Amino acid sequence: MSGVPRRSAPTWLGALLASAEFARAYTFAVLGTVFAAFAIERVAGDVTYATIVAALCVIGVGVLISRRREISFLRLVPTTLLVLLAWMLASGFWSSDPTMSFWSWVYTLAVAFLAVVIGHIRDTLQTARALGDVLRMLLSISLGIEVLSGILIDTPLEFLGVQGNIASFGPIQGIFGTRNALGFVAVIALITFLIEYRTQSVRPGLSLYSVVLAGVLAALSDSPTVVVLAAAVGLATGVLALVRHTRPERRSALQWSIGVVVVLGLAIAYLARGPIISLLGARTDLAMRTELWVDIIGYVRFRPVQGWGWFGPWVQNEFPFNGLNYWLQQNHASALNAYFDVLLQLGWVGLVLFVGLAGAALVRSWLDASERRAVVYAWTPLILVALLVDSIFESFTLFGFGWLMLVLCAVRAGQSRSWRERFREGPVDDVAEGAGLPHEA
C-alpha cells in the first residue's frame, strides 16, 4: 500500500456548489433579485429583499470556498473597489447616524460581493447570456403589467408605482419604479441583446423579439436620458468597431486621438448644453436638477474632503438630505447625479476613488475589447459607457442594479488587465475564456 495519503473526495454539497449548473442558477438568482429589487420590496417588503440578498451572500461564500483552487484570491477584488468601500465605511463615523450609515454600507458591500462572485464563476459570454435572460423576463413582465394596468383594467397599480399610461404612449415605469429606471434598464438590455445576436448565442427569432421589446419599452418610458444614453452607446460602439479593425501598429495613436476627441466633445457639449437641452425637451427637468446640484455644492463646502457620510439612497429624516429637500420643497431620494451624490456623501476623496474605479474599469475593458478577437468583449466597455453617462442624470450607479453592474464590470476588466497580472500563471486567450463560442452552461 502506498504511503501517499489519498485526497478526500469532495462532499456532495461542495460538488454542488462548484458545479457549472449551480453557478448558472446562482447567477440568474442574483441578477433577478437585484434588478427586480423595487418590485420585491413593494410586494413583499424590505425585510424580504434583505433576507434574499443575505442568503445569496452566504451561498456566495460557499461557492467561492468550493472553487478556491481555481480562483486567485490575489486578483479577487480590484484594489480601487476595496479602497472605496473602506472610505464608505470610515465615513459612517462622521455621519449624522453612524448606525444607519453602517447598515447602508453593509448593503453596498453585499451587492458588491454578489458581483464579485459572479465575476469569478462566469465568463463574459455566460454573464451576458444570464443578464439577457433575466432582462428579457423582467421587461416582458413590465410590458404585461403596463398592458394590464393601462388597457385591460384601466387603473393605476399604485403598489408597484405603475401609472397605467401605456394607452397614451407613456411615460411608463414597468416594475422598476420610475421611467428613468426603466429607460436605463432597457438600454442595458439592448446592449446585451445585440451582443447575444452577434455571438449567435440565442435563436434569431428570440433576438429579434428581445431587441424590439427593449426598444419599445425604452421609447414608451419617454425618458430624456434614453436619447442621450442611446447616442453615447451608439457612438462608443462605432468608435470601438473602428479601433478593432485598425492595424495594431496604428491602434495606439488612434486611441490617443479618440481620448482627445472625447475630452473636446465633452467640453463642447457643456458649452452647448442649452440648445441640446431644448432639443431634448428637458429644460424644466434640468432646471430642477440644476437647483438641486447648486444647493448640494453649498453643503459640500462645509465638508469638502470627507463629505457627510455614506447612506446610499437618501434617508429622508437624516441630515443633510432633509435640509436639501426642505429648502427645495421636494422629496428627492438621490442627488439625481451619481458624481454629486458621491461628492455630498463621501467628499472629494470619495469622488476621486469612485471615478478611479469606474475610469480604470473603462480603460481596461476598452483596451481589452480593442485587442481581443471575440465581439463579446465589447459588452463590458459598452455597459460601462452606459453607466457613466447615466450617472450624469441619475444616481443608479451607486446602489442596486447599477452598483452591481459597475462592480461586475470592474471585476471583469481587472481579470485581464491589472498590475497583479504579472503574478498569473499562463496566458488567457479567447478560447480559454470561452467567450467566442455560443454556449449555455
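Colleague: By the ring-pairing rule, to what count do the aromatic pairs come?

Modeller: This is a predicted model, in which local features need pLDDT of at least 70, side-chain atom pairs count only at pLDDT 80 or more, and totals for chains, interfaces and linings use all residues. Residues are numbered from 1 along each chain as its sequence is written, and side-chain values use heavy atoms, with hydrogens and water left out. Rings of Phe, Tyr and Trp (its six-membered ring) pair if their centres lie within 6.5 Å; planes under 30 degrees apart are stacked, over 60 edge-to-face, and the rest tilted. By this rule, the number of aromatic pairs is 16.

Colleague: Which parts of the chain does the pair of Phe35 and Phe401 tie together?

Modeller: The two rings are stacked, at 5.0 Å centre to centre and 20° between the planes. Helices (H or I, at least four residues) and strands (E, at least two) are DSSP runs, numbered from the N terminus. Phe35 belongs to one helix and Phe401 to another, so the pair ties together parts 366 residues apart in sequence: helix H2 (residues 20–35) and helix H17 (residues 400–416).

Colleague: Is Phe35 buried or exposed?

Modeller: Buried means under 20% relative accessible area, exposed over 50%, and partly exposed in between (1.4 Å probe, protein chains only). Phe35 has 2% relative accessibility, so the residue counts as buried.

Colleague: Which residues do ring pairs link into a cluster with Phe35?

Modeller: The stacked partner of Phe35 is Phe401, which is buried at a relative accessible area of 11%. Ring pairs link Phe35 into a cluster with Phe184, Phe396 and Phe401.

Colleague: Which residues does Leu343 touch, not counting residues up to four places away in sequence?

Modeller: Leu343 is found in helix H15 (residues 338–371) and is buried, with a relative accessible area of 5%. Contact means heavy atoms within 4.5 Å. With residues up to four places away in sequence left out, Leu343 touches Ile297, Val300, Gly307, Trp348 and Leu351.

Colleague: How many disulfides does the structure hold?

Modeller: A disulfide is a pair of cysteine sulfur atoms within 2.5 Å. Cys57 is buried, with a relative accessible area of 14%, and Cys409 is buried at 0%. The number of disulfides in the structure is zero.

Colleague: What percentage of the residues in the chain is buried?

Modeller: The chain has 18 helices and zero strands. Ile153, in the loop between helix H7 (124–152) and helix H8 (179–199), is partly exposed at 41% relative accessible area. Of the 441 residues in the chain, the buried ones make up 50%.
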